[in-house]
Amino acid sequence: GKHVFMEKPVATDAPGVRRVMAANEEAKKKGLSVAVGHHLRHEIKHKECIARIHDGAIGAVKFARIYFNSSGVWVMPRQPGQTEMQHQVRNWYYFTWLSGDHIVEQHVHDIDVANWIKQGAPVKANGMGGRQFRIGPQYGEIFDHHSVEFEYADGTKCFSFCRHIPNTW
């Protein structure tokens, strides 16, 4: 019976995503709103630019590239006497069961902008990722790079790249 603001990641696995989608459908039936912390949808420059795209200023979008490339984020060193669970929760970013990996935690903003532009979600995705730089135990289990080709219902391709490797483009 309440409006809900959810911060991402709203789910880190397929059952979790289905649960959130079902809850959103229930909220719609009750006239309630569910919002997610996709801050770019509220920035004036993004709203104006995407409104122009939707108004046809550049024609139909048939290709897109999105990036979230950086050198990485914080690491919280393991503390003496800390349990494994305490360590993982303190370093939530580096464990997929907590963050969904950095493609879900950070690059999701860029994926959301592509979906906003295309006014829907992709119908296909083909991707890969791995660990090249952040390979020590302090980095948990997440990948340090991902590459995904998304395809929308109208055939539009969106090439998505994200990485956390210092001193690279």
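**Hairpin, helix packing and pocket in a predicted model**

In this predicted model, Gly155 takes a positive phi near 95 degrees in the hairpin of E5 and E6, which has 5 residues between the strands.

User: Thanks, that is a handy start! In which sense do E5 and E6 pair, parallel or antiparallel?
Analyst: Happy to look at that with you. Strand E5 covers residues 145–151, and its pairing with E6 runs over 7 bridges. Within this part of the model, Glu151 stands opposite Lys157 in E6. The sense of the E5 and E6 pairing is antiparallel.

User: And over how many bridges do E3 and E6 pair?
Analyst: Here the strands are E3, residues 63–70, and E6, residues 157–164, and they pair in the parallel sense. Asn69 stands opposite Arg163 in E6. The number of bridges between E3 and E6 is 8.

User: Let's turn to the helices. At roughly what angle do the axes of H2 and H6 cross?
Analyst: Helix H2 spans residues 44–54, and its axis and that of H6 come within 9 Å. On the H2 side the contact is made by His46, Lys47, Ile50, Ile53 and His54, and on the H6 side by Val113, Trp116 and Ile117. These residues divide into 5 nonpolar, 2 polar and 1 charged. The axes cross at roughly 35 degrees.

User: Is His109 buried or exposed?
Analyst: His109 has its place in helix H6. Leaving aside neighbours within four places in sequence, His109 is in contact with Lys8, Gly37, His38, His39 and Leu40. Its relative accessible area is 9%, and the cut-off for this class is under 20%, so His109 counts as buried.

User: Now the largest pocket: what is its volume?
Analyst: Good one to ask while you have the structure open. The volume of the largest pocket is about 1200 Å³. Of the 30 residues that line the largest pocket, the closest to its centre are Val10, Val17, Val36, His38 and Val108. To come back to the value you wanted, the volume is about 1200 Å³.

User: Which element gives the most to the lining of the largest pocket?
Analyst: Several elements each supply at least two residues of this lining: strand E1 (4–6), helix H1 (14–29), strand E2 (34–36), helix H5 (102–105) and helix H6 (108–118). With 7 residues, the element that gives the most is H1.

Terms used
Residues numbered from 1 in each chain as written. Predicted model: local features only at pLDDT ≥ 70, side-chain atom pairs only at ≥ 80, totals over all residues. Heavy atoms only, no water. 1 Å grid on protein atoms, 1.4 Å probe; cavity = no way out; pocket = protein on both sides within 12 Å on 5 of 7 lines; lining within 4 Å. Points joined across faces, edges and corners; volume = space filled by probe spheres on them. Helix = DSSP H or I, 4+ residues; strand = E, 2+ residues; numbered from the N terminus. Buried < 20%, exposed > 50% of the residue type's maximum accessible area, 1.4 Å probe, protein only. Contact = heavy atoms within 4.5 Å. Axes fitted to C-alpha atoms, helices over the stretch in contact; angles between N-to-C directions. Nonpolar A, V, L, I, M, F, W, Y, C, P; charged D, E, K, R; others polar. Pairing = 2+ DSSP bridges.
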